[in-house]
Amino acid sequence: MVSWRVRGTAGEGRNAVAWVEKRGTRSWRVRYVRDDGTLGSLPGFATKRAAADHAEDMESDQRRGNWIDPAAGRLTLAEWSVPWMDALDLAANTENQYRSLLRNHLLPRWGDVAIGDITGIAVAAWSKKVRATGHAPASVATMVKLLSMLLADAADERLIPANPIRPSRRGRRRRTRAPERQWATHEQVLTIADQATALGGAWAGTLIITAAWTGARWGELLGLQRHNTHLDDARIVIDPDHGALHEINGKFSLGQPKTAESSSSLL
């Protein structure tokens, strides 16, 4: 095996950032020093000149500070998702949602794919197929958003040049109007509460009325405890730390409401 430094001087070239080596009789490769001091290899060049040109480009990119290790993009999405998830600091229910989306949707399709091989066109085609299977557009958008977050952080860590997922400007225009949201009148709420009371008891009717008059979310209603209610001044307090009931992996626990604005007194 014969080695040359990028600029053509004889020798092993180990004090250069990148150099070329002959492999067999008709093949050349580029060897380079990674940031951690280990050696990388890019094989498959037909001529010494082609390998040397690529090595020079690598050194130039390193001097400009925009070089990316070609081997970094060979990391699969499954491999990258492990440290990515470990680094996130999320509410337990949000982390559970992310893990569920990864396990059930992203990894079955993209888990074995190198992050450097994922393209925006491929993701768009995949999301179209997922919608065709009956998944709600909002659910598919969440899947794509999570995949985009993974790739955006990979780009920030200089594993890939850029996040390949961009906002799509293609697609059909929506021809149907979104249905107008229906709001129950006071009389309708009381009618529903009466029916709930007849079927489930006074607690059910009380829950319906409380939901309608306060606008609290379902988890916030179920997280209410006796000390949160102040009937003397008709006030309900949603605790900022334990004001919502969460179900995570089949287990229930009290935790923070969805937003900071939810932590307040409701009349």
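This is a predicted model: local features need pLDDT of at least 70, side-chain atom pairs count only at pLDDT 80 or more; totals for chains, interfaces and linings use all residues.

**Entry 1: helix 3.** I looked up the buried residues of helix 3 and found Y98, L101, L102, L106 and W110. What do they pack against? I find helix 2, helix 4 (120-132) and helix 5 as their partners. Helix 3 spans residues 92-110 and bends by about 45° at L102.

**Entry 2: helix 2 against helix 5.** Two packed helices are described by the angle between their axes and the distance between the axes. For helix 2 (residues 77-87) and helix 5 (residues 137-156) I noted an angle of about 80° and axes 11 Å apart. That makes helix 2 roughly perpendicular to helix 5, since angles of 65 to 115 degrees count that way. Next I listed who meets whom: helix 2 brings L77, W80, S81 and W84, and helix 5 brings L146, L147, M149, L150, D153 and A154. Sorted by class, this contact has eight nonpolar residues, one polar and one charged.

**Entry 3: salt bridges.** How many salt bridges are there? My count comes to seven, and I followed up three of them.

- E21 pairs with R29, with the closest N and O atoms 2.8 Å apart. E21 is buried at 0% relative accessibility, and R29 is buried too, at 13%.
- R49 pairs with D53, again with the closest N and O atoms 2.8 Å apart. The two are four residues apart in helix 1 (residues 48-64), so about one helical turn separates them. R49 is partly exposed at 49%, as is D53 at 34%.
- R217 pairs with E220, the closest N and O atoms being 3.2 Å apart. Here R217 is partly exposed at 37%, whereas E220 is buried at 4%.

**Entry 4: a proline pair.** My last stop was P240, in the loop between strand 6 (235-237) and strand 7 (244-248). Is P240 buried or partly exposed? With a relative accessible area of 45%, P240 is partly exposed. P240 and P257 are 17 residues apart in sequence, and I get 6.6 Å between their C-alpha atoms.

Definitions and conventions:
Residues are numbered from 1 along each chain as its sequence is written. Side-chain values use heavy atoms; hydrogens and water are left out. Axes are lines fitted to C-alpha atoms, for helices over the stretch in contact, and angles run from 0 to 180 degrees between N-to-C directions. Angles under 35 degrees count as roughly parallel, over 145 as roughly antiparallel, 65 to 115 as roughly perpendicular and the rest as oblique. Contact means heavy atoms within 4.5 Å. Ala, Val, Leu, Ile, Met, Phe, Trp, Tyr, Cys and Pro count as nonpolar, Asp, Glu, Lys and Arg as charged, and the others, Gly among them, as polar. The bend at a residue is the angle between axes fitted to the seven residues ending there and the seven starting there. Buried means under 20% relative accessible area, exposed over 50%, partly exposed in between (1.4 Å probe, protein chains only). A salt bridge is a side-chain nitrogen of Lys or Arg within 4 Å of a carboxyl oxygen of Asp or Glu.
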